[in-house]
Amino acid sequence: MIDKLRNIFQVPELKRRILFTLLMFIIYRLGEHIPTPGVNARALAGAFESQRGTLFGLYDFFVGGAFSRATVFALGIMPYISSSIILQLLGAVVPYLEKLRKEGEEGQKRLTQLTRYGTVLIAIVQSYAYSVFLVNMGAAEGVTVVPSPGVLFTLSTIITQTAGTIMVMWLGEKITEHGIGNGISLIIFLNIVGGMPNALLAIYDSFRAGSLNLLALIAVGAIMVAVVAAVVLMTQGLRKIPVQYAKRIVGRRMYGGANTHIPLRINTAGVIPIIFALSVMSLPAAVAGFVPPSHPLASLATWFGPRSVLYNVVYGLIIIFFTYFYTAVVLNPNDLAENMRKYGGFVPGIRPGKKTAEYIDRVLSRITLPGAIFLALIATVPDQLIQALGFPFLDFGGTSVLIVVGVALDTLQQIESHLLMRHYEGFVKHRAIRGRQRV
């Protein structure tokens, strides 16, 4: 393993990409400690303790604790993900967006630009809601989180939070472009991993205080190991559709005549449905942030608490929906069938063209169902088991483990690809790591 790690730094381009990614991580972590003006950080820390175990607490975990500290990165990357979801959903019904998606690189650039504009608009709205949330925070306990509320504080919060969101979006795009792995996914990965030391320390303190017993800790550890194993197994699983290419003579050369296959993954969408679903499930908290605690809509944060049945049912259904939706976005059976037909390829026993597209679509729909159900179960069932064991921490739930393992596999797959292209040995002998799809 030491030799394999040494090989990484013997490839100049790979070395540069990894160091660039680490530099972006450092910049992001520094930004997570720049406070929002006008907020009493000590009062906020005490007042936010009552939000642990709620939807606000879960959101705080996935932005690395920046939400509870009211830093300039408090909104994290969620506005960008929300904007991406909206554009992809609109792309299925708006002809202009669908046309852009089919225009190749130029169309993708235009879609990226529209996603950025949408991110800014969503960030402005969420920043205003966050300013209201901070003003109302601690009112029931008589704690003053914002000593001087008013128009100036609201404007400064909107400006700083929107600028922070744009900065996070820029960091994610630069990691994707010049670093290793997918920047948006890696930022969420960094937030989860960055919060784990504090969570482990809290678990240790609870164990020493006697509020957690040894059997519960062992059971939770076993659940997490099972989740990791299941995620890796499902990530590696695929269905191979055999493809044959007819022989063609071009000039004096003969082309084709090869037998290959189309690898269709059981979980084609990867961790994207989980990330999208988390963004959608943060909407009740955003709505609750607009209103004072006495308003009826403020109870949305309680109804959709991470431990509630309603939250888990809706969360699971949204994951299944986005699994099918994102699979349809990234893998078009008609395009696959057309490309095969152009180069003389065909599935044995299936007529080229429309029949091949229908066959691929049928197979893809069948294998996507267990993958979608698997994602929904992994994201919800472990959390319920951990709760039943009396474990008070959300940090080690199925969702966080699923994201960490999925993003790690995707990043390792990219590193391995760079090594193999330059004739270095990869991390896994005789078998390539199959990564996940990107945002």
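Biologist: So a helix here is a DSSP run of H or I with at least four residues, and helices are numbered from the N terminus; in which helix is the place of T368?

Modeller: This is a predicted model, and in it T368 belongs to helix α17, which covers residues 354-388. With a relative accessibility of 3%, T368 counts as buried.

Biologist: What is T368 in contact with, leaving aside its neighbours within four places in sequence?

Modeller: Once those neighbours are set aside, T368 has contacts with I266, T323, Y324 and T327.

Biologist: Is T323 buried or exposed?

Modeller: T323 is buried, since its relative accessibility is 2% and the cut-off for that label is under 20%. Beyond four places in sequence, the contacts of T323 are A269, P273, T368, A372 and L375.

Biologist: And how far apart are T323 and I272 in space?

Modeller: Their C-alpha atoms are 7.8 Å apart, although 51 residues separate T323 and I272 in sequence. For the protein as a whole, among contacts with a separation of 6 or more, 75% are between residues 24 or more positions apart.

Biologist: Let me step back: how many helices and strands does the protein have?

Modeller: There are 18 helices and five strands. The protein has 439 residues, of which 49% count as buried, and its accessible surface comes to about 21600 Å², with 65% of that belonging to carbon and sulfur atoms.

Biologist: Which strands form the open sheet, and in what order?

Modeller: Three strands make up the open sheet, in the order β4-β1-β5, with antiparallel pairing. Because β4 (259-265) and β5 (345-346) each have a single partner strand, they stand at the edges, and one side of each is left without a neighbour in the sheet.

Biologist: How many bridges join β1 to β4?

Modeller: Strand β1, residues 238-245, is joined to β4 by seven bridges, and the two run antiparallel; as one example, L238 has R265 as its bridge partner in β4.

Biologist: Changing topic, which residues touch the most other members in the largest nonpolar core?

Modeller: That core has 83 residues, and those touching the most other members are F62, I81, L134, I274, Y315 and I403. Helix α10, residues 183-209, gives the most to this core, with eight residues. A second, separate core has twelve residues, including L264, L331, V347 and V363.

Biologist: What does F62 touch?

Modeller: Not counting residues up to four places away in sequence, F62 touches M78, I188, N191, I192, L278, T399, S400 and I403.

Biologist: Now α2: which of its residues are buried?

Modeller: The buried residues in α2 are L14, R17, I18, T21, M24, F25, Y28 and G31. They cover an arc of only 140° around the axis, so they lie on the same side of α2, while P12, I26 and L30 are exposed on the other side. Helix α2 has 20 residues, 12-31, and reaches 29 Å from its first C-alpha to its last, close to the 28 Å expected at 1.5 Å a residue.

Biologist: One last thing: what is the phi of A70?

Modeller: The phi of A70 is near 55°, which is a positive value in a residue other than glycine. A70 is in the loop between α5 (66-69) and α6 (78-91), and A70 is buried, with a relative accessible area of 1%.

Note on methods: Residues numbered from 1 in each chain as written. Predicted model: local features only at pLDDT ≥ 70, side-chain atom pairs only at ≥ 80, totals over all residues. Heavy atoms only, no water. Pairing = 2+ DSSP bridges. Buried < 20%, exposed > 50% of the residue type's maximum accessible area, 1.4 Å probe, protein only. Contact = heavy atoms within 4.5 Å. Areas by Shrake-Rupley, 256 points an atom, 1.4 Å probe, with all protein chains shown as cover. Expected span 1.5 Å × (residues − 1). Arc of directions from axis to C-beta. Core = buried A, V, L, I, M, F, W, Y, C linked by side-chain atoms within 4.5 Å.
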